[in-house]
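Open the model in your viewer and keep the selection panel at hand. The tour goes stop by stop.

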Amino acid sequence: MFLWGTATAAYQIEGAVKEDGRGASIWDTFAHEPGRTRDGHTGDVACDHYHRWREDVELMSGLGVNAYRFSISWPRVRPEGDGPVNAKGLDFYERLVDGLLERGIRPVPTLFHWDLPQALQDRGGWMNRDISEIFAEYAATVAERLADRIPLWITLNEPFVHMAYGHALGVHAPGQALLTGALPVAHHQLLAHGLATRALRAAGARQVAITNNCTPVWPASEREADLKAADAYDILHNRLFNDPVLLGRYPDLSAYTTGLDAVRDGDLDIIATPLDALGVNYYNPTRIAAPVDDALPFSDAGVTGHPTTAFGWPVVPDGLRELLTGLKARYGAALPPVLITENGCSTEDTLDDGDRVAFLEGHIAAMRRAMAEGVDVRGYFVWSLLDNFEWAEGYHQRFGLVRVDFETRSRTPRASYRWLRDFLRAEKRAQEQAREQAREQAQNTET
């Protein structure tokens, strides 16, 4: 069954940050520090999904999706990161999972979508190798409660972005600006993924994936310096997080470091524990030029000649086809089935979001072209179900199929919601017709 779904993340929608035993996360801390987020916005209330989850499940049911990718808040389940389990936190996710299943929607949870418990950050966060083992224990805790109802689990969301924005550049929580000194964060996240994959399976999980943010990398020119810079960026953004998982080795990181001292014997075997799927988040290509200073071995040249979203991101649907076929060419038989776990765009605050409809049409068509070229894609999740807290941008970027009024928290479906609903109905009819034709053909063959 092809998964047609939508996606959200805990800190971006749940709110209720101090209710029912939830501990503080690094995003609670970061968002309350002056100047960290646009207009000082925080996720304290967000979309109030913690209280309105039934309404949101009804919206998904009306949309006609058969899957929902959400994240589980680590500090809601284990307020200190390790130590005692918060039963009320697990109860919330159990209610959500059961509510989804009652409506024929497959739950697809992500165990870490950037909301590390602050208590663990106080002990070094992802720079501390011990966090990898603690994450695996947390994963097992959740799976022991829910694996009987959830077939597919995702360990991490976009470890590249969390490393780069949170630890190298300091624009996301926890706000560290370590530049290439952040590379141990990459290894410890990947080690956590491998350990959690084994822990999930031991607790009864049938399928495990990781979600990586990937981008086609375009050199700004054919000059050797630009080509070299583009290769360096591709290594950092794409291969650093895909190669160890799929091939069991790191790419050449000599442009950034003389070696990853964090790697120990046996780590790569753990990281390369076989996957059932690779989650791919795609938003746009990246155009790279030679460096302008000594801080990094590349510079962002910006993609030109394409329309842009309200966020200023270039809209390049065929970049998704290019990315998917590129992954197949690079990894071959090592590439597991692929899920497009995020794809979407921000638009102006309007209900008549024709730009989003055009974005989705173009990207779904591009995905299908990649499938026709032999890429095994098993699902497509629109980001996002709801307008939400868009990290450092606060509530200024609206990605939702459903508009949220952040004064009242009322939900109003947009034109894109209705378009996707009609698209999925047509898909369902086409599948039913194909099955009927197959039955008739089989009967004719027998007679």
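In which sense do S5 and strand S7 pair, and over how many bridges? Select residues 277-281 for S7: S5 pairs with S7 in the parallel sense, over five bridges.

Before moving on, note the ground rules. This is a predicted model, in which local features need pLDDT of at least 70, side-chain atom pairs count only at pLDDT 80 or more, and totals for chains, interfaces and linings use all residues. Residues are numbered from 1 along each chain as its sequence is written, and side-chain values use heavy atoms, with hydrogens and water left out.

**Stop 1**

Helices (H or I, at least four residues) and strands (E, at least two) are DSSP runs, numbered from the N terminus. Two strands pair if DSSP finds at least two bridges between them. Now select 207-213, which is strand S5. Six of its seven residues are buried; buried means under 20% relative accessible area, exposed over 50%, partly exposed in between (1.4 Å probe, protein chains only). Pick threonine 211: its bridge partner in S7 is glycine 279. Leucine 152 faces glutamine 207 of S5.

**Stop 2: a three-strand sheet**

Next, show S6, S8 and S9. They form an open sheet of three strands in the order S6-S8-S9, with mixed pairing. Strand S6 (217-219) and strand S9 (299-300) are the edge strands, and each pairs on one side only. Strand S8 covers residues 286-289 and runs antiparallel to S9, with two bridges between them. Find alanine 289: serine 299 in S9 stands opposite.

**Stop 3: aromatic rings**

Show the Phe, Tyr and Trp side chains. Rings (for Trp, the six-membered ring) pair if their centres lie within 6.5 Å; planes under 30 degrees apart count as stacked, over 60 as edge-to-face and the rest as tilted. The count by this rule is 31 aromatic pairs. Zoom to phenylalanine 311 and phenylalanine 399: the ring centres are 6.2 Å apart and the planes at 65°, so the pair is edge-to-face. Phenylalanine 311 sits in the loop between S9 and helix H12 (318-331), and phenylalanine 399 in the loop between strand S11 (377-383) and strand S12 (402-404), so the pair ties together parts that are 88 residues apart in sequence. Phenylalanine 311 is partly exposed at 23% relative accessible area, while phenylalanine 399 is buried at 2%.

Move to phenylalanine 389 and tyrosine 395. This pair is also edge-to-face, with 5.5 Å centre to centre and 70° between the planes. Phenylalanine 389 is buried at 0%, and tyrosine 395 is buried at 13%. Both belong to one aromatic cluster, which also holds Tyr11, Trp27, Phe30, Trp114, Trp391 and Phe406.

**Stop 4: alanine 67**

Select alanine 67, in strand S2. Is alanine 67 buried or exposed? Alanine 67 is buried, with a relative accessible area of 0%. Its C-alpha atom is separated by 8.3 Å from that of glycine 104, 37 residues apart along the chain.

**Stop 5: pockets**

On a 1 Å grid over the protein atoms alone, a pocket is an open set of points with protein on both sides within 12 Å along at least five of seven lines; lining residues have an atom within 4 Å of a point. Grid points are joined across faces, edges and corners, and a volume is the space filled by probe spheres set on the points.

The largest pocket holds about 1,100 Å³. Of its 45 lining residues, Phe160, Val161, Tyr165, Tyr233 and His237 lie nearest its centre. Helix H8 (159-168), helix H10 (224-247) and S8 each supply at least two lining residues. H8 gives the most, with six.

Finally, go to the second largest pocket, about 370 Å³. Select Gly64, Asn66, Leu424, Lys428 and Gln431, which lie nearest its centre among 16 lining residues. Helix H14 (415-446) is one of the contributors, alongside helix H3 (49-63). The largest share of this lining, seven residues, comes from H14.

Notes:
On a 1 Å grid over the protein atoms alone, a cavity is a set of points where a 1.4 Å probe fits but cannot get out, and a pocket is an open set with protein on both sides within 12 Å along at least five of seven lines; lining residues have an atom within 4 Å of a point.
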